[in-house]
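Student: Can you walk me through reading a strand and its neighbours, then the domains around them?

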Amino acid sequence: MSVLDIKDLRVEFPGRKSVFVAVDDVTLSVDAGKVLGVVGESGAGKSTVGNAVIGLLQEPGHIAGGEVYLHGKRIDQLPYKEKRRLRGRKIGMIFQDPLTSLDPLQTVESQLVETIRTHLPLSRSQARQRAIDLIEAVGIPDASERIKQYPHQFSGGMRQRVVIALALCAEPELVIADEPTTALDVSIQAQILELMKELCRERNVAMLVITHDMGVIADITDHVAVMYHGELVEYGETIQVLGAPEHPYTQSLISAVPRPDIKVERFPVVNYIEKAGTPQKQIDIATHWLGKARDYEKVTGPLVQIKDLDMQFETRGSIFPSKRKYFKAVKKVSFDINEGETFGLVGESGSGKSTIARLITGLYQPTGGSILFGKTELTSLKNRKDVLAMRRQMQMIFQDPYSSLNARMRVSDIIAEPIKFHRLASSNAEVRQIVDDLLDHVGLGAAAGKKFPHEFSGGQRQRISIARALATRPRFLICDEPTSALDVSIQAQILNLLKDLQQELGLTMLFISHDLAVIRQMCNRIGVMRHGELCEVADCDQLFEAPQHPYTRELLNLMPSLELLSRANLATA
Amino acid sequence: MPFITNEDPKSAVQDSAAPVKEPGRMARFLDSDLFHSFLKSKVTVVAATGTAILFLLAFLAPWIAPHNPFDLASISIMDARVPPFWMEYADPRFLLGTDDQGRDMLSAIFYGMRISLIVGFCSVVAAAFIGISLGLVAGYMGGRVDAIIMRIADVQLTFPAILIALLIDGIAHGIFGAIDREVFAFYILIVSLALSFWVQYARTVRGSTMVEKNKEYVQAARVIGIPSVIIMVRHILPNVTGPVLVIATINLALAIVTEATLSFLGVGMPPTQPSLGTLIAIGNDFLYSGEWWIAIFPGLALALLVLNVNLLGDWLRDALNPKLR
């Protein structure tokens with residue numbers, strides 16, 4: 001008998017105007033010692049399935065139909081009190097963000113002991129011993145000492161281990177993990193996934209893993225359920241589903257995952273995703289304003305030359321210089337970017353890659369080193385007119401599509417602002433025409449200009465960001481994690497758009513990402529960063545085939561194995 | 001809610017296929033969540049209606065008040081201290097009775113309310129202007145500028161509003177002399193109220209500005225090269241106005257009360273241009289000699305006005321706060 005059985009589950013969120021069906025007709029089951037993955041893009045209802053099982057649906061959401069069984073006992077209709085007893089005792093939960101899922105004011109010990117004693121009839125000292133055993137089991141060394149510490153004394157990965165220990169502390173039969181590794185760096189993600197898989201086997205626990213990441217699915221799950229708009233589109237053994245997907249949505253989802261092994265010209269255009277993929281109206285770039293002869297001076301040699309760039313942030317201020325403390329975000333970094341190429345910067349969070357982007361655009365002033373753009377030394381620019389001229393030549397696309405657009409401005413005003421500010425057009429009518437063309441060109445259509453940013457989805461907003469960045473007719477474009485907040489299928493579209501634009505306009509790009517597969521697809525040359533230092537710079541294929549630096553090798557090893565996906569890719573591409 | 005997203009391909013297709021007719025501004029407002037939450041709260045609907053009626057009575061006073069209490073020709077000392085209509089010796093011309101000068105209480109209240117409201121609005125606008133400007137600058141610039149502005153605000157907060165008003169009133173009288181009182185009282189009141197209430201705006205706006213300035217849309221504007229002043233006014237200001245609106249509504253009630261207090265203490269509006277506070281102060285002298293209505297009716301009007309505005313402000317605070325929804 002399976003541990004968890006979900007039959008024809010339907011979850012509704014009644015709204016003011018209509019009922020939103022978040023999950024419809026979902027049937028799943030998980031056996032002891034097995035891992036079931038639920039995968040889908042944002043809004044697919046995958047988290048809602050987990051919340052419905054554990055009885056934590058957000059008001060006004062409720063289970064409108066179907067049944068949930070735990071070990072053959074029906075649990076969806078239990079009164080609140082009994083449902084609460086299940087949580088922690090029979091069902092453990094692992095949340096996405098280890099920063100917020102632990103109480104910062106209690107030691108790890110007191111949180112574990114409290115949970116253990118709530119559910120199991122153990123004395124304080126027995127509970128404490130059990131807590132130490134668990135902390136050891138999740139791979140934290142020196143358990144009896146570290147258990148006395150507060151959550152902030154643990155690193156992100158260690159904290160997620162504590163969360164796992166917390167989920168396991170009352171010997172649950174089922175563990176629900178909602179995006180357990182999304183907030184972690186790749187190197188830690190691999191360890192946590194390994195740990196989860198191991199514990200699940202060892203303790204004979206059934207595990208439900210909810211994720212958007214095909215890599216996680218391929219890594220640890222035995223079975224997988226693919227969800228799309230609240231419905232289950234495909235369900236079966238992981239090898240079967242990923243290796244030979246039957247449903248067209250699964251196929252397109254898999255083909256949109258960037259491939260780490262081979263560089264492809266373009267991502268396969270996938271159906272089943274939002275429209276707004278192709279320009280509605282073809283513009284002849286050569287004669288259009290966008291492509292018009294630029295008054296930029298020709299450069300010989302690299303367009304951007306960065307030399308010994310240093311950046312430190314003051315972490316403790318003082319009037320005495322000797323007492324000030326600094327954090328070195330960027331240490332003696334040097335690299336060149338040639339005209340027309342895409343240079344990739346890859347590294348884990350905190351490696352200083354975004355700081356470099358902000359230094360080049362002038363958002364930060366470097367504490368040392370030089371940035372040469374063409375023939376101009378950016379760090380010594382004083383004259384406001386010269387600064388503006390530089391700003392016009394380089395633009396940036398930001399990570400978060402939700403905060404990078406001013407919510408109170410219409411889209412057409414957002415895009416028109418740089419044109420008007422730099423006086424790039426002669427009349428208001430011309431500005432309007434250019435804005436319309438830009439919107440058309442990034443695949444949104446001129447009608448989008450009248451709307452406000454909140455009326456668009458994440459991918460569409462990122463298109464608006466791109467249009468705004470193009471509006472100064474830059475020659476150098478910096479993309480700071482432009483797709484890491486987006487679903488894979490939309491990521492594929494945005495990356496295709498960026499590739500097209502680069503070719504048409506002859507842009508030089510600096511592309512920053514933590515995702516090696518994306519970097520491989522986008523870049524000509526790549527720099528690997530770690531702790532503010534540049535470890536290695538190499539041509540794209542060379543870096544992936546013959547990495548020189550040990551850290552690069554480590555990163556490449558840690559990439560989720562996508563062999564299964566690759567096979568499917570070949571089949572559909 | 002994380003479940004409802006715009007990542008819906010069907011709606012995207014609809015958007016581009018058939019341009020749906022844009023609903024008008026009014027229709028959009030009537031359909032908004034804000035208006036919906038307004039209708040759902042009975043207390044708020046009553047408070048809004050009450051506020052609207054009181055505002056109308058106040059601002060239409062010259063046209064609807066039965067008498068003109070400022071027209072010396074029409075008032076007679078013979079009509080002084082007439083009780084309200086249900087009591088003995090009442091005069092049907094004066095529904096709520098008259099004061100010691102023979103002025104009709106009902107009319108005096110309408111006019112008084114008008115003055116109270118005008119002072120309240122003007123001081124709220126002035127305080128908001130000072131507070132928002134300083135808050136924006138402090139939040140955006142940070143560092144030393146921020147430290148100086150916020151320390152001034154801290155010092156300001158150690159004085160109660162009334163003390164500041166008394167102080168400014170005293171200084172102004174010292175400079176202009178007592179003769180100009182009739183003309184200057186109004187402006188002195190507004191300045192002193194504005195100076196005692198700006199801190200709240202400054203703190204709120206500073207906090208929101210510090211959040212907004214780190215958002216990527218502000219950085220995008222900086223990358224384009226737009227100067228700080230324009231970024232503050234065009235990009236940040238519209239995004240921090242929500243909380244300001246709430247404070248302004250609640251502060252309007254507070255300003256009206258403070259104005260009444262100051263007038264009651266004799267440093268506010270003079271008896272020749274009585275606000276509600278002045279009326280209460282006049283009535284106070286007769287409270288123990290049996291003519292209670294001279295103080296009680298203006299007091300009631302003040303309480304009603306402040307209560308209604310406050311209830312409206314409370315609702316606005318909850319409705320605009322996504323955490324409480």
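Tutor: Helices (H or I, at least four residues) and strands (E, at least two) are DSSP runs, numbered from the N terminus. As for the source, this is a predicted model, where local features need pLDDT of at least 70, side-chain atom pairs count only at pLDDT 80 or more, and totals for chains, interfaces and linings use all residues. Residues are numbered from 1 along each chain as its sequence is written, chains are lettered from A and ligands numbered from 1 in the order in which they are written, and side-chain values use heavy atoms, with hydrogens and water left out.

Student: Which residue stands opposite Gly37(A) in β9(A)?

Tutor: That's Val224(A). β9(A) covers residues 223-228 and runs parallel to β3(A), with four bridges joining them.

Student: How many bridges link β3(A) and β8(A)?

Tutor: Five, again in the parallel sense, with β8(A) spanning residues 206-211. Leu36(A) has Leu208(A) as its bridge partner there.

Student: Are the faces of β3(A) covered or open?

Tutor: Buried means under 20% relative accessible area, exposed over 50%, partly exposed in between (1.4 Å probe, protein chains only). Here both faces are covered: Val35(A), Gly37(A) and Val39(A) are buried on one side, Leu36(A) and Val38(A) on the other.

Student: What are the domains of chain A?

Tutor: Domain bounds come from an automatic or database domain assignment. For chain A that gives domain 1 (4-256) and domain 2 (289-572), with C-alpha centres 35 Å apart.

Note on methods
Pairing = 2+ DSSP bridges.
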